[in-house]
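Open the model in your viewer and keep the selection tool at hand.

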Amino acid sequence: MSATLITNIGELTTNVGVDGDPGAALHDAAVLIDDGRIAWVGPSSDPSMWRVAPLSSANQGRTRHVDGLEVVDADGGAVIPGFVDSHSHIVFGGDRAGEFEARMAGEKYAAGGIRSTVAATRDASDDKLRTRLRGFVDEMRAQGTTTVEIKSGYGLDVATEARLVRLAAEVTPEVTFLGAHVVPAEYAGRGDEYVDLVVGEMLDACAPHAKWIDVFCEAGAFTAAQSRRVLEAGIARGLQARVHASQLGPGEGVRLAIELGAASVDHGTYLTDEDVAALAASDTVLTVLPGVEFSTRHPYPDARRLIDAGVTVAIACDTNPGSSFTSSMPFCIALAVREMGMTTAEAVRAATAGGAAALRRDDIGVIAPGKRADLVLLDAPTAVHLAYRPGVPLVKQVWKDGVAVR
Ligand code: NIG
Ligand code: FE
């Protein structure tokens, strides 16, 4: 694989920082990519870049080749780590646009809507689900996402859940078994029996294809006791835990997630002071999902309160047909800044290094020698523009493992 040098970067967010300040960006910087990894980060003017002819005005903003090295002139644009979207549900059939319309007219969001997507997903062929899934991955990549976690959870029978984790594993190593998304219609009133199925035959079929076990611990989905059974069974099978909790109201899910060593607890729309203190004292990340509050009209959680308490915060899209049908990390960053009290630098960090922490990955989410070369070049001079220019397609170029994928 040939090496690539990105020069003339107006603002480089590394998530490593400068002189002990982890939030500080570099200016007039360059990044050398070699064999899919970051090889070097430094000033554009560094004399060690002897192989690169000086920029002439004719070359500005262009890609050149110098002695086998591809040289990309960022033309003063900002470069950030690729987004790590640590929460999505993108293997499903159908959509629920009608439900969204009704919500905008005043209906409430309810967990039970999941069941209509289950029916459409069971009916869809592998080919249909795969084509759709790959379309979502492409859509995400075009918006700067270089790593995505994908959950099952719209099958809710052994055969369909196994299909969903297998399809997800075709496109990401970050696969989550979410058989405990909601109790399916055929088990109505028999939640404990459904949990028996999830921790038994369904887990047997899905665990070989998954890294993570997840549960929706919420009124209308699974109780804390049921959630504990699901998570402990997954952990016993070698899966790592992550939890949906406190989305629709306060509950016990956050404390359960921490007790079981979950990498992340997601949503956290209704957190108690005890939840926040417990998160701050733990290694569990709190992943906020601003697209959900946008689409369900629930109040946005206060990320400022979390960060000030010392909680590690991640931002993810939660792309799904019910509660949040956006795949745009820039849009979620803009919402987190506008509605959750984050600075743009905090939001970009949460959408990159925060997502990596939520997936317990130390090879992504930062731009530093030895890390995977997952980067995004923006058509903007600073990352602030991600929130300042909401809805504008600012992603100009994307590298995944050193390869330009856009
Ligand atoms: O993360 N909270 C549970 N699951 C999804 C919603 C799924 C749906 O409504 O289809 C979520 O918001
Ligand atoms: Fe979710």
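Helices here are DSSP runs of at least four residues, numbered from the N terminus. Keep in mind that this is a predicted model.

**Stop one: Ala 358**

Select residues 353-358. This is helix α13, and Ala 358 lies in it. Is Ala 358 buried or exposed? Its relative accessibility is 0%, and buried means under 20%, so Ala 358 counts as buried.

Now show what Ala 358 touches beyond residues up to four places away in sequence. The contacts include Ser 86, Trp 212 and Arg 242. Ala 263, Ser 264, Val 285, Thr 287 and Ala 314 are also among them. Then pick Val 265. From Ala 358 to Val 265 is 93 residues in sequence, but 8.6 Å in space, C-alpha to C-alpha.

**Stop two: a pair of helices**

Select residues 191-206 for α5 and residues 224-236 for α6. The two helices pack at an angle of about 5 degrees, and their axes are 10 Å apart. Angles under 35 degrees count as roughly parallel, so α5 and α6 are roughly parallel to each other.

Show the side chains where they meet. On α5, look for Gly 191, Asp 192, Val 195, Asp 196, Val 198, Val 199 and Leu 203. On α6, look for Gln 226, Arg 229, Val 230, Ala 233 and Gly 234. This contact comprises 6 nonpolar, 3 polar and 3 charged residues.

**Stop three: ligand 1**

Centre on ligand 1. How many residues surround it? There are 15, and the closest are Tyr 109, Tyr 154, Gln 247, Asp 318 and Ser 323. Zoom in on the oxygen atoms of the ligand. A polar side-chain atom of Tyr 109 is 2.4 Å from one oxygen atom of ligand 1. For a side-chain N or O atom of Ser 323, the distance to a ligand 1 oxygen is 2.5 Å. For Tyr 154, the corresponding distance is 2.6 Å.

Definitions and conventions. Residues are numbered from 1 along each chain as its sequence is written. Chains are lettered from A and ligands numbered from 1 in the order in which they are written. This is a predicted model: local features need pLDDT of at least 70, side-chain atom pairs count only at pLDDT 80 or more; totals for chains, interfaces and linings use all residues. Side-chain values use heavy atoms; hydrogens and water are left out. Axes are lines fitted to C-alpha atoms, for helices over the stretch in contact, and angles run from 0 to 180 degrees between N-to-C directions. Angles under 35 degrees count as roughly parallel, over 145 as roughly antiparallel, 65 to 115 as roughly perpendicular and the rest as oblique. Contact means heavy atoms within 4.5 Å. Ala, Val, Leu, Ile, Met, Phe, Trp, Tyr, Cys and Pro count as nonpolar, Asp, Glu, Lys and Arg as charged, and the others, Gly among them, as polar. Buried means under 20% relative accessible area, exposed over 50%, partly exposed in between (1.4 Å probe, protein chains only). A residue is near a molecule or strand if one of its heavy atoms lies within 4 Å of it. A polar contact is a pair of N or O atoms within 3.5 Å; within protein, one must be able to donate a hydrogen and the other to accept it, and residues adjacent in sequence count only if both atoms are side-chain atoms.
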